[in-house]
Amino acid sequence: MLLTTTINGRKKEILIKDDDYLLDVLRKEGYLSVKRGCDTGACGLCTILLNGSPILSCSTLAARAHGKQISTIENFPKEAKTFASYMTAEGAEQCGFCSPGFTLTVIAMTKELQDPTDDEIMHYLNGNLCRCSGYISQLRAIRNFMEEIKNENC
Amino acid sequence: MKIVNTSVRKVDGVGVVTGNPAYTEDLILNNNVLTIKLLRSPHAFAKIKAIDTSIALKVPGVEAIFTHNDVPETRFTLAGQSFPEPSPYDRRILDEYVRYVGDPVAIIAAEDERAAEKAMKLIKVQYDILEPILDFEKSIDSHILIHPEEVHTNFEIGYERKRNIASKAYSEKPGVEEGFVKSDIILERTYYTQPQIHAMMETYRSYSYFDVNGRLTTVSSTQIPFHVRRHLARALELPTSKLRVIKPRVGGGFGGKQTAVCEIYSAFVTLKTGKPSKIIYNRKETHTCTTTRHEMRLDVKIGSDLEGNIKAIDINVLSNAGAYGEHAPTVTSLVSYKTFPLYDTVPMRFNANIVYSNTMNAGAFRGYGATQGTFAVESIINELAHKLNLDPTEIRMKNLVEPGEGKYITSGDIKKCIEIGKEKFNWIEKSQVREVAPNKVRAAGMAVTMQGSGIGGIDTAAATIKLGDRGDFSLMVGVTDMGQGCDTVLTQIAAEVLDVPMDKISIHSADTDLSPYDPGAYASSGTYVTGNAVIIAANKMREEILKGASKMFNTNINEIEYLGNNLKIGNNLISLEDFAQRSISFEGMNQITTTGTWGGETSPPPFIAGFAEVEVDTLTGEVEVIDYLSVVDCGTPINPNLVQVQVEGGAAQGIGLALLEDIKYDKKGKPISDSLMQYKIPSRLDCKNIRVEISNSYEKTGPFGAKSVGEVVINTPAPAIADAVYNATKVRVRKLPITSEKVLLGMFDL
Ligand code: FES
Ligand code: FES
């Protein structure tokens, strides 16, 4: 079928098979920040935003994006870079393979939650696995990032 | 020191966080590559009687299908070890025997995954199904023979094919028998450690193509590019000069990518078809058809006087190599190598058999046998402390090594780590058993460990530095950054010696055509071994610059001073940029490149004292780690932030080993923990409070006093948590992982 969708603000028409998953379609189209870590919707690496909300692109049929807005991390250069500066200040990115999906979820979280507690942050991000970092450094980075956002908004 | 010992940001950090293409799959530029899928054995042990691929080959889009009839006879090992590898040469690309559920039977190359999968279903295989050995404790002298063929070993490793023994290991510090005679108390215990899956986020993958010069190039997510090239040469029966291996960024390895799990398939397909090809293991294959940590049974006997002075320790190990013997002789030896020096005055004996079985094969995994040894030895010392009514920290203070000149351990201080830990962890209070709510009990436990920094007397690494035409430097190394940050740490070291800001140096790693030789990233060698090579190369670079300037300006070398960004010649300053430009030009005709090579006699150990506080739910047996503290001594850290995160991540993986991670097989030997749903790794909620303290010391053979820290980090959680659970419940779990079920059933039995 012909999938008509918007990816990172650009209108696209892509020829897909009915049972293609969004993750594979996006990677084929060159959105290489989208990673695959599993086949069962368990790791969160393939997270993208569909109409602004985080979804797992490995278990979403591409056809479901018809007429919708897809965002990958490339769509948030400013936020991603700012968050990256907090991550790197902590040394929280190790292999970095989990980072794009994780960063996108963090960006979605900051738009969704006001002043979350640590528990709320952990809960929101629990679906995003990381095998390298032990998570604690990521939490430190998120806290500092949220602090900056708060100060900007004041 | 300006740059070393500071927490600079990683050189590639922003790029990876913002999703720049960097990993193997991102770099497949040809959108017409063959996709490889492997047909895998459904049986744990079988002989292939016949394979019919004729119908499968008719599937549109299928390019080729290969079986054991099409591959070279040569046997090899895929272990990432320096040549001559100690591991047995016990595999072929495809064999007529399959030795575990998932062992490859046929290689299918097709235009896409759909076609490959369709063809896979149409391959007809007739198996002669054989009785497997699924329980490694039944392997030795079984009537079943796992490797009926002759197997070559490069030297004596205790290989006894007819008894299913892949290797044996033995070591001894004399006085064990006398020690037991002098003991007032003797304990004998059996511990089991489970196979563990690396579960790195980027699964195994490689991509191969012929370059314009007709050389077979393989791009792979690997920790060991130079070893992979050697494996490929042997397996494909090609000269090494025809092969090139490139390692892009690696999405996690943890030792898994120290075995060349998948490269032979893409290289073989490209060799045969002439076309570019790729193989990407899915999560299921990664969890069922790669390598695991060696599963072990450790029988330990300890003798002591009533004051807790340990008189002797005897360790007998049975270790499961699985179907193939990658890393079989070396991993298990670390049970002794990394526990003997820690209790250096205690007589100790270690005896091990490493056996074949029809399970997934074992290989390297962060900690590399020290993890298993630490669990057993630290657990029995904790058990001894309880028997003698001693505080576990006290018994260690009585027996642990004191560093000293001429000893195996000359720097660092594990006792100091314990002291720091006791205070920062609030050990006195937390080691008391406390009921914090109805049915919720808290208690604590601790353990210590050591590892090494590189493989002393064997591994040798090189680093090359090139002065660019505008006064910047390229640093070329063959070690591989898989997230631990060695690209950054090595850049820091080079910048420090060359006295320039880090952004004047670009690091390149690794490409077997361009990088100087390096055994790769394993055995905690990045900072220590390659770091030392970088220092040599950088010092040579300073010398060569001075020599070049002396010639160019016709000045005595003693009158030139190297100032990093500038050279001081008499009273004049000339910028390095200017010098470099002129040096490379017609004026100088001098491209300055230097190489340093380094290998150490010793492998100075980093230390950790680990402290765990757990909360056990006495109704469900559920164990939660409330607080975990690692006090680490890795000499002088080159980058304290990276050390800290490395330690936190290792602790998390150790908590996974202690509480969650378990490979389960069904009755027929088929692994059922084949996804991240079934095989649980720690999530954010399991790692709420992991803390790190750094105890600084100075290792004089290390770069700027540093030792490596990659592996030591994973060893303490299991024994510390096991003892904490015992303190809280009086249930002693000796078989990892410590699941709620085991704790609960243990409480019923009390
Ligand atoms: S790849 Fe989508 S959740 Fe793992
Ligand atoms: S940084 Fe490697 S998986 Fe998260």
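In chain B, Ala510(B) is found in the loop between β22 (505–508) and α14 (526–552), where helices (H or I, at least four residues) and strands (E, at least two) are DSSP runs, numbered from the N terminus. The model is predicted, so local features need pLDDT of at least 70 and side-chain atom pairs count only at pLDDT 80 or more, while totals for chains, interfaces and linings use all residues. Residues are numbered from 1 along each chain as its sequence is written, chains are lettered from A and ligands numbered from 1 in the order in which they are written, and side-chain values use heavy atoms, with hydrogens and water left out.

Most residues other than glycine have a negative phi, and most peptide bonds are trans. Another cis bond joins Leu736(B) and Pro737(B), with an omega of about -5°; Pro737(B) belongs to the loop between α17 and α18 (740–749) of chain B.

With a relative accessible area of 48%, Glu237(B) is partly exposed; buried means under 20% relative accessible area, exposed over 50%, and partly exposed in between, using a 1.4 Å probe and protein chains only.

Strand β2 (residues 46–52) of chain B pairs with β6(B) over six bridges in the antiparallel sense. Within this sheet, Ile48(B) stands opposite Tyr127(B) in β6(B).

In chain B, helix α9 (residues 370–387) and helix α17 (residues 717–729) pack at an angle of about 30°, their axes 8 Å apart; axes are lines fitted to C-alpha atoms, for helices over the stretch in contact, and angles run from 0 to 180 degrees between N-to-C directions. The angle therefore makes α9(B) roughly parallel to α17(B), since angles under 35 degrees count as roughly parallel, over 145 as roughly antiparallel, 65 to 115 as roughly perpendicular and the rest as oblique. The residues in contact (heavy atoms within 4.5 Å) include Phe375(B) and His386(B) of α9(B), and Pro719(B) and Tyr726(B) of α17(B).

In chain A, the axes of helix α2 (residues 77–90) and helix α5 (residues 136–153) come within 8 Å and cross at roughly 135°. This angle makes α2(A) oblique to α5(A). Among the residues making the contact are Phe83(A) and Met87(A) of α2(A), together with Ile142(A) and Phe145(A) of α5(A).

Terms used
Two strands pair if DSSP finds at least two bridges between them.
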